[in-house]
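Dear colleague,

My findings follow directly after it.

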Amino acid sequence: MSDLKNILINKKKNCKTIWFMRQAGRHLPEFRKIRSKNKNFIKLCLNSKLSSEITLQPIKRYNLDSAIIFSDILMVPFALGQNVNFIKNKGPVLSKFDIKKFSKVKEKEFTQKLRPIYKAIKITRKKLNKKKSLISFVGSPWTLLVYMLSLKNKKGKINIKLLNIKNNQIKKIMDNLNKFLCIHIKNQFNAGADVVQIFDSWAGKLPNNKLKQFCFKPNKRIVDFCKKHKFPTICFPKGINKNYLNFNNYVKPNCLNLDYDLNPTWAKKNLKNVVLQGGMNPKTLLKSDKFIFREAKKYLDVFENVPYIFNLGHGVIPETSPKKIEKLIKFVRNY
Ligand code: CP3
């Protein structure tokens, strides 16, 4: 935990460290300008110069304490042979999963395909003030599986039966994913990243009796790998509610990102030996200043005496006005 404190916690002042998930993205006019000229999202993520520029956009605009590399969790399935398309108002669509193709990919080919991301990290690290941290990320095996096997139907429901029917094959896929996620993390650290955030965005879709197998164990494997290499970790098992307690005791990451459904007072009381991050509902930023400040105050008061990184309970919503973010940052820094 001390590693992470040195990197992410602002010790000098009494103010809390602050950054936002999806800080580099569609809510920024300067991002939309680049995006409108780059219709292919995957290609944009593989353009080192532009991806570094996008990473630095929110730092320039808001002077946040951390940058998160502009990329996507679906770059890993892409590098493992699946076509990934981002369709407007529909989200990502992946080509049919082909286990033979997937099992054949070698480390060298994988790293080669994602090299522009590592180059973007290198460029960004050089341009970034030394006091600011650079966050890298991966999707968790479970969350990636949801996309790779199209496990979610149109209503957002997961086909859990399929997990039982294809149990053996799924185990093999998750093992292979774990291997490549660790490679991707190692490559990102070698390029200059300071921290890795592991997004398990669909953890909350798992029934309780599947949580250990599909969420806790795969996250722990990655965190254990990171510990061995002294890479600080932030886990985000979104939507698992009070199972955050079991998750923390089992996985033991350096930091836990809270989601907006989690009661902050409960979190402070129950989540020990871990730095806490985030929590505020991103929809708050669509409301009045008064409401925003009241919500922010709630989190700042609860976490006053513990290491806490100010962030949200999920990513910034595209409709968010940059002015609201500016005001929120000022409020947090002056609190
Ligand atoms: O946080 C950042 O600023 C860094 C960049 C980042 C992106 N995606 C860029 C992006 C990060 C950390 C992600 C993670 C990601 N991607 C997650 C985990 C976090 C979460 O939101 O739960 C997931 C599930 C994805 C998959 C994904 N990528 C989806 C579902 C979509 C489409 C809808 C959406 O939420 O935007 C994307 C596209 C995407 N990734 C965009 C950006 C800026 C929007 C691209 C565009 O249409 O312009």
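**Aromatic pairs and the nonpolar core**

The count of aromatic pairs comes to 17 in this model, which is predicted. One of them joins Phe216 and Phe247 in an edge-to-face arrangement, with 5.6 Å from centre to centre and 85° between the planes. Phe216 belongs to helix α11 (residues 208-228) and Phe247 to helix α12 (residues 243-251), so this pair ties together parts that lie 31 residues apart in sequence. Both Phe216 and Phe247 are buried.

A further pair, Phe303 and Tyr308, is stacked, because the ring centres are 4.4 Å apart and the planes stand at 15°. Phe303 and Tyr308 are likewise buried. Elsewhere, ring pairs link Phe31, Phe41, Phe70 and Phe86 into a cluster.

Two rings carry a charged group over them: the charged end of Lys113 sits over Phe78, 4.9 Å from the ring centre, and that of Lys220 sits over Tyr250, 6.0 Å from the ring centre.

The largest nonpolar core has 115 residues, of which Phe20, Phe110, Leu271 and Phe310 touch the most other members. Helix α10 (residues 167-191) supplies the largest share of this core, 11 residues. Among the contacts of Phe310 are Phe20, Ala296, Tyr299 and Leu300.

Ala296, Tyr299 and Leu300 are also among the buried residues of α14. Helix α14 (residues 289-302) has 14 residues and reaches 20 Å from its first C-alpha to its last, close to the 20 Å expected. The cover over its buried residues includes α13 (264-270), β9 (275-278), β10 (308-310) and α15 (322-334).

With kind regards

Notes: Residues numbered from 1 in each chain as written. Predicted model: local features only at pLDDT ≥ 70, side-chain atom pairs only at ≥ 80, totals over all residues. Heavy atoms only, no water. Helix = DSSP H or I, 4+ residues; strand = E, 2+ residues; numbered from the N terminus. Expected span 1.5 Å × (residues − 1). Buried < 20%, exposed > 50% of the residue type's maximum accessible area, 1.4 Å probe, protein only. Contact = heavy atoms within 4.5 Å. Core = buried A, V, L, I, M, F, W, Y, C linked by side-chain atoms within 4.5 Å. Phe/Tyr/Trp six-rings, centres within 6.5 Å; stacked < 30°, edge-to-face > 60°. Lys NZ or Arg CZ within 6 Å of the ring centre and 35° of its normal. Lists of a residue's contacts leave out its neighbours within four places in sequence.
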